[in-house]
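Please look through the following notes with the structure open beside them. They are meant for someone who has not seen this structure before.

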Amino acid sequence: MTSGDITDMLREARGGTRAAIDALMPVLYEELRRIAQARLAGGPSQRSLNTTGLVHEVYLRLIDQSRIEWPDRLHFYGYAATAMRHILVDQARRRHSEKRGGREPAAIATADLFEGDAVDSADWIYLDQALEHLRGFSPRLVQVVELRVFAGLTAEEVAELLDLSLRTVRRDWHKARLILHRFMRPDGADESG
Amino acid sequence: MNPADLSYWSKVERLLDAALDRPHGEREEFVRAHAADAVVAQGVLDLLARDARVGDFLEDAARCPRDVRASDGYVGEAAPPAAGQTIGAWRLLREIGSGGMAVVWLAERADGGPAQQAALKLIRNGLHGTLLRERFARERRILSLLRHPRVARLVDGGVADGQPFLVLDHVDGLPITDWCARHHASPTRRIALIRQVCEAVAFAHARLVIHRDLKPSNILVDAQGDVHLLDFGIAKILAGDHSETTALTAFGGRAMTAAYAAPEQVEGRPLGVAVDVYALGVVLYELLTGHLPYRVPRASVAALEEAVLHEEPRAASTAVDAAQAQQCGISLGRLRRELRGDLDRILATVLDKNPDRRYASAAAFADDLDRHVRGLPVRAQRTSLRYRTGKFLRRHAFGLAVAAALFVAILAGLAGTLWQANRAADAAREAHAEATAASAVRDLLLGMFNTSDPDIARGRDPSASELLDTAARRVQAGLADQPALKARLLGVIADLNRKLGNYALAADLFGQAAGLPAMAAAENTEERWRLRTGRAAALTLAGDFDAADAEFARIETDPDRSTQPSQLAPARARMQVELGELRRRQGRYAEARDALDAALAHYRGAPDDDGHLDALHRSADLELNRGHIEEAAQAFHDLLGQLRNRYGEDHTEIARAQHDYAAVLSQLGRLDAAEESMRNALEMRLRLLGEHHPAVAESHWSLAAMLRQQGHFDDAETHYRAALAIFRDSLGDDSAEVARVYNGLGALALARADYSGAETFLSQAYERYAKALGSKHPEVGITLNNIAGAQRRLGRLEEAEQSARRALAVLGAALPDGHHLIAVARFTLGSIVTMRGDFGEAVTLLEPAARALDAALGTAHPDVARAKLQWALALALNGDVAAARVLVDSVAIPGNDRRSESDSLYVRGRVRLLAGAHRDACPDLDRAWRMRDQLGAGAQDTATLEAELYLGACQLGSGDPSGSRHIVHAGRLLTDSPVAAPIVRRDVPGLMRLAASRRS
C-alpha cells in the first residue's frame, strides 16, 4: 500500500466513510507492529522505542506529506492511538502469559519494546479494561485518555483534535485520572511510591 | 457495565465535574448538598479524596515517552548534538541555554555565507517537529518583516535530518530580572526598561504578530542597558497556526510559562494582543516586588492556573519586603511609597482578568507608565472602573513628532516660496512679506503646541489630526491681512488632512481656501484651480461623487480670460488626472480614459513633473478596471521601477504602486508573488502612515482577499477584520470601503460553505454600495452576483435568478463589452438557469461566458475551466451530447481549491454519464462524492447527495449493483430536500424505480 492510498483512506475516514475507517485500522495496526519488530531487530541502539516514537514514525512512513491536511493529521493520531492501545494490550497479555509459564515466547518477541514506558504489562491490561468501563458512561474521557497516553498528544493537541476548549480537555483528563485510578486501584493505594 | 452501574457512574461524573469547580474547602459540602443520594455522594467524595493521592498516575505514561525520547531524537539519530556538528547551514559552537522546549546553542554560519553568529534552538518536541517546517515557511515571511532594533530576528529554521531547529539573532545579555538584581536597579530604571519592551511589543502588534510567551527569559538586557526581545512569534510556530493556544506544553518549562500566562491563555480561549500586555504586567510586577503576583502554596501548575483565573493579585506596595527594597537600593518605606497609588493602580489595570479592561495596547500601558514617571495623573486612576474602548487610546499611534516634522518641513519650504511669488514687488514689500509670512508660520507653530484646546489639554499627546485641527482654526481666525498666505496655508492643511485620510475635512478646507475673496482675482487663477481640483479630489476620495462632479464643472466654467492657456496647462493636467480618477471610481471608464489620455499628452512634454508618475499610476489602475490585466501588470512593473529611481526604496507612492501591482498579480493568478508584494506594501504603509490610515486598511483588505483565494481562511479573516475596523473609524460605517470589506467577508463565507453567513455579509455590502455608489455601479453588480451564488447554494433558486439577472444588467451596462466580470455574471446566471431546467437559455448564457473568460483570463485559469464544464453540462442536457463530450475532455480539472475541484469533477462526471461513457464518468462522480462528503455541511448536504445519486446511476449503468444503494439513499433525502435543484429532483423518481428493479 502506498502512502498515497493511506492518505486517501484517511481523508475518507474523516468524511465518516465507515469502510475507510475499517480499512485504515488494520493497516495502522500492522504497520505499527511491523516497524516495532524491525526496530527490535535493528540492534540495541534502536531498541528503546516508545509509543510516541512509534506512532510518529508510522505517520512519517504512511502519510503522503505533500497532500495531508491539518485535520487529517490529527485524525491520524486519533486512529493511531486506538491501534497503539490494541498493540500494547495484546503484547501485555502475551508477556503476562509468558511470565506465568505459558507458551513459548513468540518467534519475534516484542517484550522489550516498551521498556521505557511507565506502565507495566499488567497495568496495560487493567487500563484497557478500565477504559472499557469508562467508555460505558463517558466515551469522550476515553478519547482524551487514548490520545494522551497512546498517541502522546499534548492537552492542546487533544483540544484541537476533538474541537474542545483546552480547559475542557484538562478537566476531562483530571476526571479521567481520578475515575481510572478508582477502577484500577479500588483500595485507593497511593501512587507516590 | 450494567444499566444501574451506568446510571450511578453518570451521576458521579457529572457531580465530580461540578465539584471540581469549587474551591477545595467547599467541595465536600457541595457534594453532600447536591448528590442524588448518599451512595453517589460517597462515590464522588472517594474520587475527590484521590485527588491528593493520584500523584503522577497516567501523567507519566502520557508524558514520559516524549521527555525521554525528545532529547535524543527518535528517528534513529541517538547521539546528542555536539560542538562542531552542523545543522542545516549552521555549525554548533557551544551550548548556551536549555529550557523545556529547546536546547539553545551558539552557532555560526557554515555554508560559506557571510560570517554570522546566531542562537540556534534545537526543538525538543517530536510531534511538533514534523509540523514545524510548514508552519515555519508560513510564518517566516511575516516574521521577517519584524525589523526592530529591540526585537531579535528569526534568521533561519527548518528541519535537518529530522531535527527541527530555529535560528535567531544571538543576544548577549541577561534576563531582565537578573539584570535588575545585579545592578540594584531603582524602580524608575525598572519601569524604564519595561517601557522599552512595550515599544517593541507595540511595533510587533501593529504587524499583527503576538508574542504569546513573554517572560523574563525572553527579555534580555545587554551590557549597554538596552532590552532585546527573543522568540517573537515563535510560540505560534511551535503551537501551530490552527490552535490559538500557547506553547505552554513543554514539560519542565511549563510552570514558569504558566506564571506569565493571561487568564484567557489558561482557559485556551482565542488570544489577542491583550495576552502580551498582561504578560508585561506580570514581568513589571515581578521586577517591582521581587515575586509573581500570585502566591501559591507549592509549585503546582494547577494551583497556579487557578490563581491566574480567580485570584486578585496583592497590591504591589503591600507585597514588597526589605529584601526587595535592598535589591532596589532604597529603604522599604520609600519603596512602598513609590509603589502606592499610581503603580498599584497601573498594575491592577494591566493585570485585569478581563482582557477588555486591560490597557488596550502595549503603547497605552507604556504611556501610563511614562505619565507616572513624569508626575502626571495616570489614566488607570480615572478609568479603571470604566470599560475602556480601545479606540480612545488607539488614536495615539500617530504621534506629535510625526505631525510636527511634517509641518515644520512643509511650512519652512512654503515660507521660502512665498516671496518668490511676489517677485514683481519692490524690495521693501518683499522683505515685509517675508517677515510677515515667517512670523505667521512661527505663530502658527507656537500656537499649535501651546494650545488651550481642552481635548488636547487633557494631558495626552495630541494626534496629528488634532494638531491640524488647531492649525486650521488659527489660520481661519487670523491672517485677515494676508489672504494669499491664508489660502496657501489652508491648502497645505487640507492636503495634509487628505494624506491623513480625513477626506471630508480636506474637501471643506480646500473649499474655504478657494472661496476666499482674494482668490477670485485673475492673477490667482492657477492657485484657484489647484485648490478646486484638491477639493474635487478629496470629495472623490470621500465618495461624494456628485459634489466632486459639481466642483469639476466649476473649474471647467471658471471665468478666466486673462491668463494664457499655456500657463494653466500643468494645473489643467492635474485636474484631468483627478477627473479621470472620479470617472474611474464612478465606473465610467471610457470618459476616465479620455481624461487621463489628455493629461498624459501634457506630461509627454513635461516628463519630470511630479504629476507624471501619478498619472501613469492612475492609468494603470484604469486598465485594470477595464479588464486589460496583462497591460496593467506591465504598467505597474514599469511604474515601480521609475518610482524607485526617483524616491529610493521607502515612499508612500511606492507602497501604493506595490499594492496595486500585487492586486494585478493576484488577478493573473500569481498568488505567491502577489502576496509578497502586498505584504511589502502593508509593511511600508504601516511604517510610513501608522496603523489607522485608510491606506493601511486597503492593504489589509487586499491581502485578506489573496489569503482567502489561497485557502488561508483564518488569516484572511484577521486581515478583513483589521480593515473593517480602520475603515469604520476613518470613513464611517456607510462608506463604500466598509461595503467592500463586507463583500470580502461574504466571499470568505462562501468559500467556507457558510452560505447564510455569506448572504448576510453580502447584503450588508449591497446596502452600503447602493447608497454610496448608486445602484448602477459595477461593485453593486459584483455584489449581486455573489448574493446570487449564496442564494443558489441555499436552494432559493428564484431569488438567485433574480439577483443574477440584476447583476448581469448592472455589469453589462457599466462595463465595456467582453469584460470578464460580465462573463462571470453570465456564468452565474447560466448555472442557475441550468438548475431550473431551461437548458436552451443556459447554453446561450454559458457559451459566451466561457469564451469571454477564456479570452480575458487565459485558458489555464480555473474559472475558465469551470465555465467550460458548466457550458458542456448545459449542452449535454440540451441534447448535444457529442459536442459536450468533446468539450469536457478538452478541459483540465482545476486543482486550486478542493471545492471547485469537486464541483468540476461532478460536472464532468455528469456530462460523461449523459454521453454514456460510464467507464470515465464513474471515477469522476465517485471522487466528487467523496470530496464533497469531506467538504460538505453534513450528511444531508445537497451537493454531496447529488453526486451520490448520479454515482449510483453510473454504477448501475455499468453493471455494478451497488449503485442501487446510493440511489436509494441519496434519492430519498433529495426528495425531501428543500434546496435540491429541480432538474435533479426530476431525475429522482426514475432512478429510484430503476434501482428498485435492479435490486429485485
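**Notes on helices of chain B**

1. Just after α34(B), G711(B) adopts a positive phi of about 90°. Helices here are DSSP runs of H or I with at least four residues, strands are runs of E with at least two, and both are numbered from the N terminus.

2. This is a predicted model, in which local features need pLDDT of at least 70 and side-chain atom pairs count only at pLDDT 80 or more, while totals for chains, interfaces and linings use all residues. Residues are numbered from 1 along each chain as its sequence is written, chains are lettered from A and ligands numbered from 1 in the order in which they are written, and side-chain values use heavy atoms, leaving out hydrogens and water.

3. Helix α34 of chain B covers residues 694–709, and its end C-alpha atoms are 23 Å apart, which agrees with the 22 Å that its 16 residues should span at 1.5 Å a residue (the expected span is 1.5 Å times one less than the number of residues). Because 14 of the 16 residues of α34(B) are buried, this helix is largely enclosed by the rest of the structure (buried means under 20% relative accessible area, exposed over 50% and partly exposed in between, with a 1.4 Å probe and protein chains only).

4. In helix α39 of chain B, residues 797–814, the end C-alpha atoms are 25 Å apart, in agreement with the 26 Å that 18 residues should span at 1.5 Å a residue. The buried residues of α39(B) include L797(B), A800(B), E801(B) and A804(B).
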